[in-house]
Amino acid sequence: MSSKTFSTLDANEAVAGVAYRLSETIAIYPITPSSPMAESCDEWSAANKKNLWGTVPRLIQMQSEGGVAGAVHGMTQVGSLTTTFTASQGLLLMIPNMYKIAGELLPFVMHVTARTLAAHALSIFGDHGDVMACRQTGWAMLCSNSTQEAQDMAAIAHAATLESRVPFLHFFDGFRTSHEVDKIKTLPEDTLLKLVNEDCITAFRNLALTPDHPAIRGTAQNPDVYFQAREACNSFYDKTPEIVERTMARFAELTGRQYKLFSYYGHAEADRVIIAMGSGCEVAEETIDYLNARGEKVGLLKVHLFRPFSLRHFAEALPKTVRSIAVLDRTKEPGSVGEPLYQDIVTALSQAKSAGISPLEVDPVVISGRYGLASKEFDPAMVKAVYEELKRERPKLKFTVGINDDVTGLSLPVDAAFDIEPDSVVRSVFFGLGSDGTVGANKNSIKIIGEETDNQAQGYFVYDSKKSGAVTISHLRFGPNKIKSHYLIKRANFVACHHFPFVEQYDILSYAVPGAVFLLNTPLPADKAFEWLPREMQEQIVGKKLKFFVIDAIKVAHETGMGGRINTIMQTCFFAISGVLPREEAIARIKKAIEKTYGRKGEAVVQKNFAAVDATLAALHEVPYGAATASRTRRAPVADEAPDFVRRVTGLMLAGRGDELPVSAFPVDGTWPTGTAKWEKRNIAQEVPIWESDLCIQCNKCSLVCPHAAIRSKFYPADSLANAPASFRSVNFRSNENPGCKFTIQVAPEDCTGCTLCVQVCPAKDKTNPRRKAINMQAQAPLLDAERENFNFFLSIPNPDRSKLKLDVKSSQFMEPLFEYSGACAGCGETPYVKLLTQLFGDRAIIANATGCSSIYGGNLPTTPYTVDANGRGPAWSNSLFEDNAEYGLGMRCGIDKLTEIARELAAKLAPQLGDSFVQELLHAKVQTETEIAEQRKRVSELRDRLATVQLPEAKRLDQLAQYLVPKSVWIMGGDGWAYDIGYGGLDHVLSLGKKVNILVLDTECYSNTGGQMSKSTPMGAVAKFAVGGKETAKKDLGLIAMSYGNVYVARVALGAKDAQTLKAFAEAEAFPGTSIIIAYSHCIAHGYALHLGLEQQKLAVESGSWPLYRFDPRREEAGQAALQIDSAAPKGQLSNYQSNELRFRLLEKTAPDRAKELLGESQSNLTRRYDLYSQMATFGNKDDKGTENGAATPVNGGNK
Amino acid sequence: MNLSTTYLGLKLKNPFMPGASPMPDSIGAVRRLEDAGASAIVMHSLFEEQFTNEDRVLEDEIATHLESSPEATSFLPIPTEFNLEPDEYLKQISQIKEAVDIPVIASLNGSTVGGWARYAKEIEQAGAHALELNFYHLSTNVEETGSEVEKRACEILKTVKESVKIPVAVKLSPFFSSLPNFSRQLVASGADGIILFNRFYQPDIDTEELDVLPTLQLSNSFELRLRLRWLAIISASVPTSYACSGGAYTGHDAVKAIMTGATVVQFVSSLLKNGPEYLTTILRDFEKWMEEHEYNSVDELRGCMSFKHCPDPLAYERGNYLRMLQGWKV
């Protein structure tokens, strides 16, 4: 049945395919999980793919979803068929325009991957919080429950909006539907053509705003008319349900797939009914079939058209026998009488009764349940629990299902053993290492089975929150019938572990059913594999009588020229032993797929892959085993000495068992302890840096550039070594100020990611063997025990007194990093700046962090990398939103300033009691340097002691606020997507105010977190998502704009090019009495090269002039100097020397070489022009008429070698 | 005066052409070279690594971070179609052919037996009139013998020759034990011509940073001497087409190269320094010299100073070395 009408894809791709074909203009902005729809459309448009009417839709990327909403409003206003895609906070930003678009009855469809809203925490996952926040805007809301439906409803929405003139919000569950790969029937063009009424398009064009028959829209109306005019649209809403119904009927004629506004599923005489929307509906259907087959009478009412809510259609859809109803909402509306769908249903039942159209024989009990928030699992056991609750005489009026609410007792008990998946479905679970190709290979397997056999296929992929060394878990189902199981597999026939170390970390075989096949990629031979497994795993293998296979996929990959990619090999194993297809047929199909994928690239590549397939079969061995013999058990997720919360909560989350945690385990307001990352011990590095003390020149650059604070330096009195482990290394500290001290560089062997940046930057070489540096990578495993002990000892040595440290690169690394072991990518270009910030100011810093990579590695649970020093002080960190970060940080500043003011007022008022001279000293002390801060802390401590003796209310109030007498360092931090685009308006406003805030822009020149979409920081000629054809315009000069205010400290830095300048910029920014902004070059995986070369690329970026270094300090003008100092030399050499190392630039050479050359040429002249401009600025007002690095501008010494 | 020359079986209007370099990457430069009198265009080398690895490297670079994050299935757009260097190269052949009327000689550079034949075939199909096979080998393996290296070169040549009909010239380095014998083996294996010599990148040492610095410097006229000697020796005993490549800067240098047996002379450094138009000067100086010395054709000039015809063959040999040293007195 290999028909072209079937395809395996996820809902994002399916919906984008429809929206693209039915649109002419598309405005976009990236947001998870909707970004892939925009990306697909961008790629199609760049490839000149035509829409239904033979023209190529044009896309425009906006600066925010608010911008998108404005743009699509304009596009529809002038009569072009328009669409967009969004989710969550993005959708919220569109709400103001949604009222306008609906108020003006502009036909338009927006496709939304329904996603959680940020409340106590951000979540990228799926629920209906966002769409429910739009139910009042006047948009029609159409919900899809599966990939197939998402595609079909997308088409229905586009057709219905044209006919009804009411704009449509089409939504489906984020991730569970948007990212679930399924086999669906695709929609051919002629179906779409027949579905859309061309007359309606004509009518739409005729309504377009045009000077050729002008009209005015958007008037301001007074009390006399607004109300009536607002009511004038009513009939359009009245007609919309019938229009949607007609469109669905037409769709059914064309495709055979009949949808309804409200679809009933289940027993014709059901006594209990669930009413719901989204992917949970199909799970309920699967459960209903099971329960009804066993004598129950249950049903489900699926709401497809949520707005306009049609009372008649609703009433007609319910069986008259219904006695109790559970309305399930995938959202939470705290403080409400019930969640939105529940409220609508209760109202509708009441109205139907009043209108005499209720079919029900009795007034039903209607209860309200919440489920599935942020993609929480919703499975048949939970559906059953709801029906069980409905059976009770007095069911809970409000309940939750899927969690254990041991605080308010709302949750329903769920029978975890309830399993209804039929034996005909083959279920497979794969544990892969992020980017090892496991997910891609599984998608490929789904394609092979889904598109080339009669089987149905489903794939869903779970990722963890780490950006390096992440685990991926693929859940694949294959079976003869439609798969409605939109939940994770719990009992698999086939379990594979593609990364050997995972056997120590995860309970992989908990997924295996008795008799299942277990495949392990391991370097161990078949006869040794079993004995090396931890005890628990051995017992599971024996107890469940698993068929256990091993392969050394890395070896096979190496031997067959596949490099480090094991995807083809592991896929071959799956087909060879899973039994999903006959072995020979499966292998033939893999080879066919290889030819299809690589055919164009030449016979050699195809043959190489074929060889890998054949070698795999030879290297795949079944493992014989007897009884469990191991004494070693899986290591605990966190150490026993970890704090209680970490053991009780974080530990379970790290073990992948967070679902088991009850409500009582959690803080009520999202507040989370810092300093928990250190307990994780990820052990992801195969090799770690080891210090050669004899070669070290003690420059500390290794520590400076480490993105994970996993290599550290310390000096200390020699007697600290009294109890040092035997292998602990130390040398004499080269310092006149600290005679007799020792010095050590120490790696954190379990926290290092193995990125090698420290080795790259190390300037010290063995003069007889320059290949040996003062830091060299060595295999982690043999060194682990010793280095773990060494690192613990290192940590136990007290840190030097920071108030006595100089402010230079070397000394900065003796300051304790208060940001450690984050989940950032190995070799991340951002985190060294964040770490430096915490080293310099962390004990007094409060950080407002824009959403993006830095908020994910900074605050995505399970662990938190910001930590505290020995005094318990450390960065206080918070992420509000993406767009508001500058304002958020400014607000913190304003609040702190006011509290400081109050504290000072109170102190002044209490001077008679506290001692006048003491208060004078307290209030007028200079508090800027480390020494001064330490002194002030002593004074505040003294103040508290004195306050304890003062029996006045003001004394108590001052005690609360005394901490504000030590200055707080407010940092506003985020990426370029925030600073240049979505948050720019706020950033600009903050820059204009001159308040004492420091802004750190971690500039990766794209939206890194969502997959490398273009921002206004993206350089000309770079290829990025949404700029497939290369960015045509120059990078925005944010620094120059900031300089234009004249009173802002501005620095542009690149740690890898000139670390001393970076350090100086941070110090000056903090010391500057007004607003400062530091724009920091941050290399990124989205640039397309191995990040261990990141520091070299930074140098090239600076040398080529692509990233000039400078500091603009308005204070210099008072001394008759130009505010701007250029810290890098004039552009040298060709820009291509820098750009050609990065795939983002090279891709354009590969796809459009002429355009690439043109843009390179233009970029080259732009940067020369820009340097000339800076050079002039650097001499402007300079009394000595010099300004460049080679002139009189303060030179920055000690740059990188 | 008859400057016409037959090189690799191609009838050329004169014996001067640009050597393999990035110069012909621009069609503008190609036209300027033709206008300046170039008798053929030699393209830059397509390296073995480019057609054996580039697709895999690109594939790996794109695939490195795929499917590792819930927020991003990839971090760069993945083009469905992209031009690998060989694709670009083939396109460039066609474009040069369209732009000029002189023959186009493509160049493949490598040292192992592999998928060369396919690319040679594609180069032929793209319209190249001839092919340079640049046998760039640097032995770092102590187990490898000289004869193995020579044997492999002949195998590569045979594979390529079997797959194409266009003439194939082999470009050699000077570092072979017996260049005459090796040249004869190559001609016996099907070589239509020999190009003397390619120039290895000669890395420098950074004594401060203890690093090796890859550098590429333009040749100088002194390097011509090495070519002259070996042209004189080999052309006398192995009849085939010869190109002198490296060190020829002037018309007078060209005279010397042809006198020692070169069929054609390739210029790179002088044209990179002075621009394509400098070829006109070379041509003019060459003609002037011919006129002044009453040579009517290039054929008359060719080989007059080869090992076979020169008045003192010992000058090319070891004896000359002794004489030179003895004359070098302080």
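This is a predicted model: local features need pLDDT of at least 70, side-chain atom pairs count only at pLDDT 80 or more; totals for chains, interfaces and linings use all residues.
**The nonpolar cores.** Begin with A:Val495, A:Phe518 and A:Ile1078, the residues with the most contacts inside the largest nonpolar core, which has 326 residues. Next select residues 147-164 of chain A: this is helix H6, which gives the most to this core, with 9 residues. Another core, of 87 residues, lies apart from it; B:Ile123, B:Ile166, B:Val265 and B:Leu271 are among its members.

Return to A:Phe518 and display its surroundings. Beyond its neighbours within four places in sequence, A:Phe518 is in contact with several residues, including A:Val495, A:Leu509, A:Ile541 and A:Phe548.

**A sheet in chain A.** Now select the six strands of an open sheet with mixed pairing, in the order S9-S11-S10-S13-S14-S15. Strand S9 (262-266) and strand S15 (398-401) stand at the edges; each has a single partner strand, so one side of each lacks a neighbour in the sheet. On average, neighbouring strands are turned by 25 degrees against each other, direction ignored.

Within this sheet, focus on strand S10 (residues 272-276) and strand S13 (residues 324-329) of chain A, which run parallel and are joined by 4 bridges. Select A:Val273 to find its bridge partner in S13(A), A:Ile325.

**A residue in chain B.** Finally, select B:Ala99, located in helix H3 (residues 85-99) of chain B. B:Ala99 counts as partly exposed because it has 16 C-beta neighbours inside 10 Å. Not counting residues up to four places away in sequence, B:Ala99 touches B:Ile27, B:Val30 and B:Arg31. B:Ile27 is 72 residues from B:Ala99 along the chain, yet their C-alpha atoms are separated by 7.1 Å.

Technical notes. Residues are numbered from 1 along each chain as its sequence is written. Chains are lettered from A and ligands numbered from 1 in the order in which they are written. A nonpolar core is a set of buried Ala, Val, Leu, Ile, Met, Phe, Trp, Tyr and Cys residues joined through C-beta atoms within 7 Å. A residue is buried if 20 or more other C-beta atoms lie within 10 Å of its own, exposed if 12 or fewer, and partly exposed in between; C-beta atoms are placed from the backbone. Helices (H or I, at least four residues) and strands (E, at least two) are DSSP runs, numbered from the N terminus. Two residues are in contact if their C-beta atoms, placed from the backbone, lie within 7 Å. Two strands pair if DSSP finds at least two bridges between them. Axes are lines fitted to C-alpha atoms, for helices over the stretch in contact, and angles run from 0 to 180 degrees between N-to-C directions.
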